[in-house]
Amino acid sequence: MTSGAFPTPVTPVEQRAPGRWQIATVTRIKPETPRVKSFRLELPMWMPHLPGQHYDVRLTAPDGYRAQRSYSVASSPLDHGEIELTIDRLDDGEVSPYFHEVVMEGDQVEVRGPFASYFVWRGEAPVLLVGGGSGVVPLMAILRHRRRTMPELEMRLVYSVRSAEDVIYADELDDDALVTFTREPPPGWRGHTGRIDSSLIAEAGLDSGTAFICGSNGFVESASGLVLEAGFRPERVRTERFGPSG
Ligand SMILES: Cc1cc2nc3c(=O)[nH]c(=O)nc-3n(C[C@H](O)[C@H](O)[C@H](O)COP(=O)(O)OP(=O)(O)OC[C@H]3O[C@@H](n4cnc5c(N)ncnc54)[C@H](O)[C@@H]3O)c2cc1C
């Protein structure tokens, strides 16, 4: 166990108004890949989010030490009273290993949100979603919400992962998703391999509209270049960066 400074459940705090810190209950934990899990949280002061927004999560150790991180909402705002967060475990991290190794169904965690007004989908179309690794999380919120509210609306996901076992939400990827494997494709794979390139963006069949790009710094840099090259206007390209390059 490498849960760092947080060996025990977080210290409860007084509950306040929506948008302020509140205590959520973990109702379901779903392993997505060997290093990614999804957590369903029930919120006492839930409010509908816009797909693309995130919550802040705060851990408090018994000695008062605190750590706070942001996690995108993966679920549709139609899931009343709850949100889903999908967390990639970083071996040398503080907060993500705590979620993976310590948090269990029924536990409580402190959250605040939803936040962000820029990386959000408000129903614009057509939409190109480009995600690398766990960068697919806010894009899945957009995709899930569109499937439930406006399935006819034009939207494609281009998703880059290392290997077959790293595909998050594998059972939900359909004709509207194009996956590329940068390291090890599954046996018999006939689709794209290697990093996202202009041919894969072209295969998505969209050259205008709004693009949402999310992943590591390096991923967002190169994907943005490709999307602009494909014809998207700079003001219609929205990006979210999850952390240092890698
Ligand atoms: C708006 C926003 C939304 C986010 N949404 C998600 C999400 O949906 N799912 C998710 O898993 N993460 C998401 N993140 C990243 C998340 O906030 C944390 O940064 C991540 O979980 C690492 O936290 P940690 O405490 O485990 O590691 P830390 O203790 O912060 O870092 C440990 C080590 O990993 C490096 N590192 C930190 N973050 C990353 C990263 N993202 N990639 C690679 N190396 C990193 C650090 O430099 C350090 O060396 C989001 C970040 C932002 C800003």
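In which strand is the place of Pro114? Pro114 sits in strand S6, residues 108-115; helices (H or I, at least four residues) and strands (E, at least two) are DSSP runs, numbered from the N terminus. The model is predicted, with local features requiring pLDDT of at least 70, side-chain atom pairs counting only at pLDDT 80 or more, and totals for chains, interfaces and linings using all residues. Residues are numbered from 1 along each chain as its sequence is written, and side-chain values use heavy atoms, leaving out hydrogens and water.

The protein chain has 4 helices and 12 strands. Its C-alpha trace spans about 50 × 35 × 30 Å along the principal axes. For 246 residues, a compact globule would have a radius of gyration near 18 Å, and the 18 Å of the protein chain agrees with that. This radius is taken over C-alpha atoms, and the globule rule is 2.2 Å times the number of residues to the power 0.38.

Of the 246 residues, 52% count as buried. Buried means under 20% relative accessible area, exposed over 50%, and partly exposed in between (1.4 Å probe, protein chains only). The accessible surface of the protein chain comes to about 11,300 Å², and carbon and sulfur atoms hold 50% of it; the areas come from the Shrake-Rupley method with a 1.4 Å probe, and for residues only the protein chains shown count as cover. Contact means heavy atoms within 4.5 Å. Among contacts between residues at least 6 apart in sequence, 68% join residues at least 24 apart.

A nonpolar core is a set of buried Ala, Val, Leu, Ile, Met, Phe, Trp, Tyr and Cys residues joined through side-chain atoms within 4.5 Å. The largest such core has 25 residues, of which Trp121, Leu129, Met155, Leu157, Tyr159, Tyr169 and Phe212 touch the most other members. Two or more residues each come from strand S7 (127-132), helix H2 (136-149), strand S8 (155-163), strand S9 (177-184) and strand S11 (210-215). H2 gives the largest share, 6 residues. Apart from this core lies another, of 23 residues, including Ile29, Leu59, Leu85 and Tyr98.

Leu129 shows what one core member touches. Leaving aside neighbours within four places in sequence, Leu129 is in contact with Leu139, Ile142, Leu143, Met155, Arg156, Leu157, Val158 and Phe212. Tyr169, also among the core members that touch the most others, lies in the loop between S8 and S9. Tyr169 counts as buried because its relative accessibility is 1%. Its phi is near 60°, a positive value in a residue other than glycine.

Ser163 lies in strand S8. With 14% relative accessibility, Ser163 counts as buried. Beyond its neighbours within four places in sequence, Ser163 is in contact with Phe181 and Glu184.

A cis peptide bond joins Gly113 and Pro114, with omega about 0°. The loop between S6 and S7 holds Ala116. Phi of Ala116 is near 100°, a positive value in a residue other than glycine. Ala116 is partly exposed, because its relative accessibility is 32%. Pro126 is found in the loop between S6 and S7, and the peptide bond from Ala125 to Pro126 is cis, with omega near -10°.
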